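Please look over the sequence and the structure before reading on.

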Amino acid sequence: DGDDDETDEEAKPRVEDFALTSPLEGSDAKGGGVVKCYPECCVLVVEVGFLDGPADYDIVLVDAEENETLLDAFEVGEEGSARYAEEFCDEIPFEASSFAELAGTTILIVDAEGTTILAGTLPAFPAEDADTPPAE
């Protein structure tokens with residue numbers, strides 16, 4: 001039929017995007033991100049713009065119980081933009097067994113004073129594959 005020509009040699013990632021918006025009145029800061037999940041790992045990509053720079057910012061995750069974990073720090077240049085990417089395979093924040101468990105987790109971009117500059121929510125992923133029977 002031709003459908004089987006594309007085997008799982010290179011599995012296509014499941015991709016979901018999310019927006020980051022500023023809670024600060026009058027702020028031009030903008031951002032967004034993408035979560036790409038492959039069978040063995042997920043990649044989180046965050047892009048920000050219109051931030052005050054040069055400056056250092058933190059990426060913080062906050063779970064439903066309001067537990068916070070510092071994901072990483074990044075630097076914004078004079079132009080006010082930056083791109084951050086990290087792969088998660090074994091060590092997933094909040095001891096989750098998969099990155100998909102972080103759906104609904106708040107992601108914050110925080111400045112050196114601890115002020116939230118941008119905020120968003122990690123996306124949920126649809127079920128893997130409707131054709132795949134559940135593991136028993």
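## Salt bridge

A salt bridge is a side-chain nitrogen of Lys or Arg within 4 Å of a carboxyl oxygen of Asp or Glu. The model examined here is predicted. Glu47 and Arg83 meet the criterion, with their closest N and O atoms 3.0 Å apart. Glu47 lies in strand E3 and Arg83 in strand E6, so the pair ties together parts that are 36 residues apart in sequence. A search of the whole structure finds one salt bridge.

How exposed are the two partners? Glu47 is partly exposed, at a relative accessible area of 43%. Arg83 counts as exposed, at 57% relative accessibility. Side chains of opposite charge can pair when their charged atoms come close.

## Overall fold

The protein has eight strands and zero helices. Along the sequence the pattern reads β-β-β-β-β-β-β-β. The protein has 136 residues, and 34% of them count as buried. Its accessible surface comes to about 9000 Å². Carbon and sulfur atoms account for 43% of that surface.

## Strands E7 and E8

E7 covers residues 106-111, and E8 covers residues 116-121. The two strands run antiparallel and are joined by five bridges. Val110 stands opposite Thr116 in E8. The hairpin of E7 and E8 has four residues between the strands. In this hairpin, Gly114 takes a positive phi near 90°. In a regular strand the side chains alternate between the two faces of the sheet.

## Disulfides

Two disulfides are present. With bonded cysteines counted along the chain, they follow the pattern 1-3, 2-4.

The link of Cys37 and Cys42 is right-handed, with 110° about the S-S bond. Cys37 has a relative accessible area of 3% and is buried. Cys42 counts as buried too, at 8% relative accessibility. The cut-off for buried is under 20% relative accessible area, so Cys37 at 3% and Cys42 at 8% both qualify.

The other disulfide is formed by Cys41 and Cys89, with their sulfur atoms 1.7 Å apart. The link of Cys41 and Cys89 is also right-handed, with 110° about the S-S bond. Which parts of the chain does this pair link? Cys41 sits in the loop between strand E2 (30-37) and strand E3 (42-49). Cys89 sits in the loop between strand E6 (82-88) and strand E7 (106-111). These are distant parts of the chain, with the two cysteines 48 residues apart. Cys41 counts as buried at 12% relative accessibility, whereas Cys89 is partly exposed at 30%.

## Surroundings of Cys42

Cys42 is found in strand E3. Which residues does Cys42 contact, leaving aside its neighbours within four places in sequence? Cys42 is in contact with Lys36, Cys37, Glu86, Glu87, Phe88 and Phe99.

Cys42 and Ile92 are 50 residues apart in sequence. In space, their C-alpha atoms are 9.5 Å apart.

## Nonpolar core

The largest nonpolar core has 29 residues. Which residues have the most contacts inside it? They are Leu44, Val48, Phe99 and Ile109. Strand E1 (14-20), E2, E3, strand E4 (55-62), strand E5 (68-76), E6, E7 and E8 each supply at least two residues of this core. E3 gives the most, with four residues.

Leu44 shows how far the contacts reach along the chain. Residues up to four places away in sequence are not counted here. Among those touching Leu44 are Phe18, Val34, Val35 and Leu71. Tyr84, Ala85, Glu86 and Phe88 touch Leu44 as well. Further along the sequence, Leu44 touches Phe99, Ile107 and Leu122. Phe99 is in contact with Cys42 too. Glu86 and Phe88 are likewise among the contacts of Cys42.

Definitions and conventions. Residues numbered from 1 in each chain as written. Predicted model: local features only at pLDDT ≥ 70, side-chain atom pairs only at ≥ 80, totals over all residues. Heavy atoms only, no water. Buried < 20%, exposed > 50% of the residue type's maximum accessible area, 1.4 Å probe, protein only. Areas by Shrake-Rupley, 256 points an atom, 1.4 Å probe, with all protein chains shown as cover. Disulfide = S-S within 2.5 Å. Pairing = 2+ DSSP bridges. Contact = heavy atoms within 4.5 Å. Core = buried A, V, L, I, M, F, W, Y, C linked by side-chain atoms within 4.5 Å.
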